[in-house]
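Visitor: I'd like to know how the labels on a structure like this get decided. Can you walk me through some?

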Amino acid sequence: MKLTRLQYKALKIYWRYHTAGLTISQLFRTCWRQWLLLAVIGILVYLFLVPAFPAIGWLYVGLCIGAFLRDIGYYRVSLRIWPVSQQIIDWKRVSELIQSHEKDMA
């Protein structure tokens with residue numbers, strides 16, 4: 001099976017969770033770039049859009065906060081279902097797919 005870049009990246013993340021354990025800090029480390037971008041956008045909107053157009057500015061600030069809260073909710077669910085996921089995923093197959101992809105890329 002030939003993996004796409006996104007599939008390979010997802011399998012590497014799952015493999016890291018399998019070997020190192022799934023913790024909230026692992027989840028945060030996976031998405032810190034997206035959160036940083038979201039925070040920068042939220043701050044810029046607050047600084048520039050809120051003073052000029054308060055209703056629209058606060059709407060966008062609220063959307064940024066909502067995105068953070070949504071992600072935290074997803075993380076909480078992921079932590080709860082991880083023990084089941086870990087039992088049903090064929091880790092030998094995941095390892096084979098990762099190694100096969102890395103060998104093809106070399």
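This is a predicted model: local features need pLDDT of at least 70, side-chain atom pairs count only at pLDDT 80 or more; totals for chains, interfaces and linings use all residues.

Visitor: Then why is Phe 28 called partly exposed?

Guide: Phe 28 has 33% relative accessibility. That value lies between 20% and 50%, so the label is partly exposed. Phe 28 sits in helix α2, and leaving aside residues up to four places away in sequence, Phe 28 touches Trp 35 and Tyr 75.

Visitor: And what makes Phe 48 exposed?

Guide: Phe 48 is also a residue of helix α2. Its relative accessible area is 61%, which is over 50%, so Phe 48 counts as exposed. Phe 48 also belongs to a nonpolar surface patch, along with Trp 32, Leu 36, Val 40, Ile 43, Leu 44, Tyr 46, Leu 47 and Trp 58. Together they have about 960 Å² of accessible area. Helix α2 (residues 24-52) supplies the largest share of that patch, 8 residues.

Visitor: How do you know that the length of α1 agrees with what a helix should span?

Guide: At 1.5 Å a residue, the 16 residues of α1 should span 22 Å, and the end C-alpha atoms are 22 Å apart, so the two agree. After α1 comes Gly 21, with a positive phi near 90°.

Visitor: What about α4: which length is expected there?

Guide: Helix α4 covers residues 91-105, and its 15 residues reach 21 Å from first C-alpha to last, close to the expected 21 Å.

Visitor: Why say that the buried residues of α4 line one face?

Guide: The buried ones are Trp 91, Val 94, Ser 95, Leu 97, Ile 98 and His 101. Looking down the axis of α4, they fall within an arc of 160°, so they line one face of the helix. They pack against α1 (5-20) and α3 (54-88). On the face turned away from the buried side you'll find the exposed residues Lys 92, Gln 99, Lys 103 and Asp 104.

Visitor: Which residues of α1 are buried, and what covers them?

Guide: Tyr 8, Leu 11, Ile 13 and Tyr 17 are the buried residues of α1. Their cover includes α2, α3 and α4.

Visitor: What makes Lys 12 and Glu 102 a salt bridge?

Guide: The rule asks for a side-chain nitrogen of Lys or Arg within 4 Å of a carboxyl oxygen of Asp or Glu. Lys 12 and Glu 102 come to 3.2 Å, N to O, so the pair qualifies. This pair links distant parts of the chain, with Lys 12 in helix α1 and Glu 102 in helix α4, 90 residues apart.

Visitor: How many salt bridges does the rule give?

Guide: The count comes to 3. Another one joins Asp 71 and Arg 70, at 3.0 Å. Asp 71 has a relative accessible area of 13%, which is under 20%, so Asp 71 is buried, whereas Arg 70, at 42%, is partly exposed.

Visitor: And why does the pair Glu 96 and Arg 93 count?

Guide: Their N to O distance is 3.9 Å, which is within 4 Å, so this pair is a salt bridge too. Glu 96 and Arg 93 are 3 residues apart in helix α4, so about one helical turn separates them. Glu 96 is partly exposed at 36% relative accessibility, and Arg 93 is partly exposed with a relative accessible area of 36%.

Note on methods
Residues are numbered from 1 along each chain as its sequence is written. Side-chain values use heavy atoms; hydrogens and water are left out. Helices (H or I, at least four residues) and strands (E, at least two) are DSSP runs, numbered from the N terminus. The expected span of a helix is 1.5 Å times one less than its number of residues. Buried means under 20% relative accessible area, exposed over 50%, partly exposed in between (1.4 Å probe, protein chains only). The arc is that of the directions from the helix axis to the C-beta atoms. Contact means heavy atoms within 4.5 Å. Patches are made of residues with over 30% relative accessible area and no salt bridge: like charges are joined within 9 Å, nonpolar side chains (Val, Leu, Ile, Met, Phe, Trp, Tyr) within 5 Å. Accessible areas come from the Shrake-Rupley method with a 1.4 Å probe; for residues, only the protein chains shown count as cover.
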